[in-house]
Structure formats: C-alpha cells, structure tokens
Amino acid sequence: YKMLKLQWRLMYPEQTSRFRKWRDRCRQVDKDIKRTDRSHPLLASEHGDGIQVLRNILLSHIMWNWDLGYCQGMSDMATPFIHVALNSMGDGSNHITDDVESEAFWAFAALMEKIGGNFSIDGSSMHTQLETLQRLLKHLDPPLHEFLLQQHASNMFFCFRWLLVLFKREFPFDQVLKLWDCLYAR
C-alpha cells in the first residue's frame, strides 16, 4: 500500500499538469469526500485525519485499478472499512495509523473487486442486477410487481442506489456494518 500511495504522492506538479484524467479523478474524489458520512465522528472535520485517510485510500485505489477509476459512491463504500480497521487495529484513540489505513485500503480494494462492475460506465452490471430484482419480485410478490408495472416503475430504477452502494445510504452506519458482514462474511 505504501508504494501505491507513493506513486501519486510523488508526482511532480509538471507531471500532474500534463495528466488531465488524473486531475479530473482527483477533483471528483475531493468533491465527494466533502459530503461523505459527515455525521460520523471520524469524518466530521473537513480537515481531519479521517477525511485525509479517505482521500488517500481513494486516490491510491485509482492507481491500483486505473481502468475502474473513481465514481461517485465509492467514497461511501470506503468509509466503513476505515471505521472497522480503526476499531480492530487502532490504539483506542481516534488516531489512524498507517497500518489502519493500509488495512482499510485492502478491504476496500477487495470489495471493489467484487462489486466494481456496479461502477462501470456501461452500467451493464447494474442493469443485470435490476433485471434480476424485477424477476425475483415477479415471482415472490406478484401483486407488488403488478403495481409497479401499472406505475411504469417495473424497471426497478428506484432501487439503483440501494444496489450501487449496498444500502449504505439507506440504513444507519452500524446497521450497514451488520448487513455487509452478513453479505460478505465467509
């Protein structure tokens, strides 16, 4: 993780000035982290360690998986890992060590390996998931499926955010941790 982080931290300003795609991704990350989990104590301060660690993780992940890049919502996916790593590896304070940051990064990277398709530009993964959800609903709750058809909502697009960020914005933080634990624990 340290080497990955150094790749972007050691870029010369002249190099960055000639790397538009990198600048665009940095701007998007900087824009998104300002509005990510601001009610969580770790991320409450705009200039706090939590915000800096979140930025480090997201920019390092861009270097790790350049093809996937960065998309809105990824910042939401990274914050639970910072919280969990801090609580399991931290020294009891809210000080985030390099080991905590590294652990959070690799957990986030593993999740992106599983669900990175959710963030693909062509949207094919999300489209497939919405179709699957629609077929399940048709079999499990025909009256609701029929109602959605009548409302012209059978495409299930209203569920897009739920699936994209795994209910991260729909439930309180502690419940999201439990849900993700159930989804991904082995």
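**Figure 1. Burial in the predicted model of the protein chain.** Of the 186 residues that make up the protein chain, 41% count as buried, and the coordinates shown are those of a predicted model. The protein chain exposes about 11100 Å², of which carbon and sulfur atoms supply 55%.

**Figure 2. Helical make-up and overall dimensions of the protein chain.** The protein chain has 10 helices and zero strands, so that, read from the N terminus on, its elements run α-α-α-α-α-α-α-α-α-α. Taken along the principal axes, the box filled by the C-alpha atoms of the protein chain is roughly 55 × 45 × 30 Å. Among the contacts in the protein chain with a separation of 6 or more, 65% are accounted for by residues 24 or more positions apart.

**Figure 3. Charged side chains of the protein chain.** The protein chain carries 22 positive and 22 negative side chains, and the centres of these two sets lie 6 Å apart.

**Figure 4. The largest pocket and the residues closest to its centre.** The largest pocket holds about 300 Å³ of space. This pocket is lined by 13 residues, of which F81, A107, W180, D181 and Y184 are the closest to its centre.

**Figure 5. Helices that contribute to the lining of the largest pocket.** At least two residues of the lining are supplied by each of three helices, namely α5, which spans residues 74–89, α6, which spans residues 98–115, and α10, which spans residues 173–184.

Note on methods. Residues are numbered from 1 along each chain as its sequence is written. This is a predicted model: local features need pLDDT of at least 70, side-chain atom pairs count only at pLDDT 80 or more; totals for chains, interfaces and linings use all residues. Side-chain values use heavy atoms; hydrogens and water are left out. Helices (H or I, at least four residues) and strands (E, at least two) are DSSP runs, numbered from the N terminus. Buried means under 20% relative accessible area, exposed over 50%, partly exposed in between (1.4 Å probe, protein chains only). Contact means heavy atoms within 4.5 Å. Accessible areas come from the Shrake-Rupley method with a 1.4 Å probe; for residues, only the protein chains shown count as cover. Lys and Arg count as positive and Asp and Glu as negative; His and the chain ends are not counted. The place of a charge is taken as NZ of Lys, CZ of Arg, CG of Asp or CD of Glu. On a 1 Å grid over the protein atoms alone, a cavity is a set of points where a 1.4 Å probe fits but cannot get out, and a pocket is an open set with protein on both sides within 12 Å along at least five of seven lines; lining residues have an atom within 4 Å of a point. Grid points are joined across faces, edges and corners, and a volume is the space filled by probe spheres set on the points.
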